[in-house]
Amino acid sequence: MKTKRLSDNIEKILNTQIVNEGYSSAIYRAMANCLEYNGWVGAAKLWKKYSSEEMAHYEKIISYMQDRDCMPIIPAIPQPQYKYEGIKNIVELSDKHEIDVSGQWKKIASEAMKESDLMTFELAQWFIGEQTEEEAKMIYWLDRIDMYEKTNKSLGDIDEEMEDMTQNTPPAQI
């Protein structure tokens, strides 16, 4: 007989977060598609990488729930926006999205602590650490775009820099 090791509340919250992480992956893939369509090949590669990272987060939650003897629910993912105004708009929206996801994980950590569910709290702490890195990446790109605009440098150069980041250390770890 199976003994579920998460409360109904935590199970529901984590199933909701599976949707959120899947949606994050879909958003970044849609952004990558738009970037590539508009000639931002390097940036598209980076946003595809970000999409894959979000799917790994999705899988991590599913594995955690299975390890806790709960049944994860594989959700339908809402269709994301697919047209964007350009690279700056995509970075700004990505930054806002990462801030939202950070808030989701903070709420999960808070709920886990209320229930003295230290294992889920530890999972949430891991994701909060990830979110610190995700937000730092977006701050880095926003700062780079701002610098390029202020110095009248071609934003095309940032495309090459973004492609380099698909193979190198992310900005948050520099």
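Reader: Where is N152 in this predicted model?

Author: N152 lies in the loop between α4 and α5 (156-164).

Reader: Is N152 buried or exposed?

Author: Look at relative accessible area. Exposed means over 50%. N152 has 73%, so N152 is exposed.

Reader: What is the phi of N152?

Author: Start with the general idea. Most residues other than glycine have a negative phi. N152 is not a glycine, yet its phi is positive, about 55°. D69 is another residue other than glycine with a positive phi, near 65°. D69 sits in the loop between α2 (41-67) and α3 (87-114).

Reader: Now a helix residue. Where is the place of E134, and is E134 buried or exposed?

Author: E134 belongs to helix α4 (residues 118-150). Buried means under 20% relative accessible area. E134 has 2%, so E134 is buried.

Reader: Which residues is E134 in contact with, leaving aside neighbours within four places in sequence?

Author: E134 contacts E53, E54, H57 and E98.

Reader: How do I read I27 in the same way?

Author: Take position, then accessibility, then contacts. I27 is in helix α1 (residues 8-37). Its relative accessibility is 8%, so I27 counts as buried. Setting aside residues up to four places away in sequence, I27 touches P80, Y84 and H97. I27 and W47 are 20 residues apart along the chain, and their C-alpha atoms are separated by 9.4 Å.

Reader: How many aromatic pairs does a search of the whole structure find?

Author: The search finds 5 aromatic pairs. One of them joins W126 and F127. A pair of aromatic rings is described by the distance of the centres and the angle of the planes. For W126 and F127 the centres are 4.8 Å apart and the planes are at 90°, so the pair is edge-to-face. W126 is partly exposed at 37% relative accessible area, whereas F127 is buried at 0%.

Reader: How do the rings of Y140 and W141 pair?

Author: Their centres are 4.8 Å apart and their planes are at 80°, so this pair is edge-to-face. Y140 is partly exposed at 22% relative accessibility. W141 is buried at 0%.

Reader: Which residues form one aromatic cluster?

Author: Y28, W47 and Y50 form one.

Reader: What sits over the ring of W126?

Author: The charged end of K60 does, 4.1 Å from the ring centre.

Terms used: Residues numbered from 1 in each chain as written. Predicted model: local features only at pLDDT ≥ 70, side-chain atom pairs only at ≥ 80, totals over all residues. Heavy atoms only, no water. Helix = DSSP H or I, 4+ residues; strand = E, 2+ residues; numbered from the N terminus. Buried < 20%, exposed > 50% of the residue type's maximum accessible area, 1.4 Å probe, protein only. Contact = heavy atoms within 4.5 Å. Phe/Tyr/Trp six-rings, centres within 6.5 Å; stacked < 30°, edge-to-face > 60°. Lys NZ or Arg CZ within 6 Å of the ring centre and 35° of its normal.
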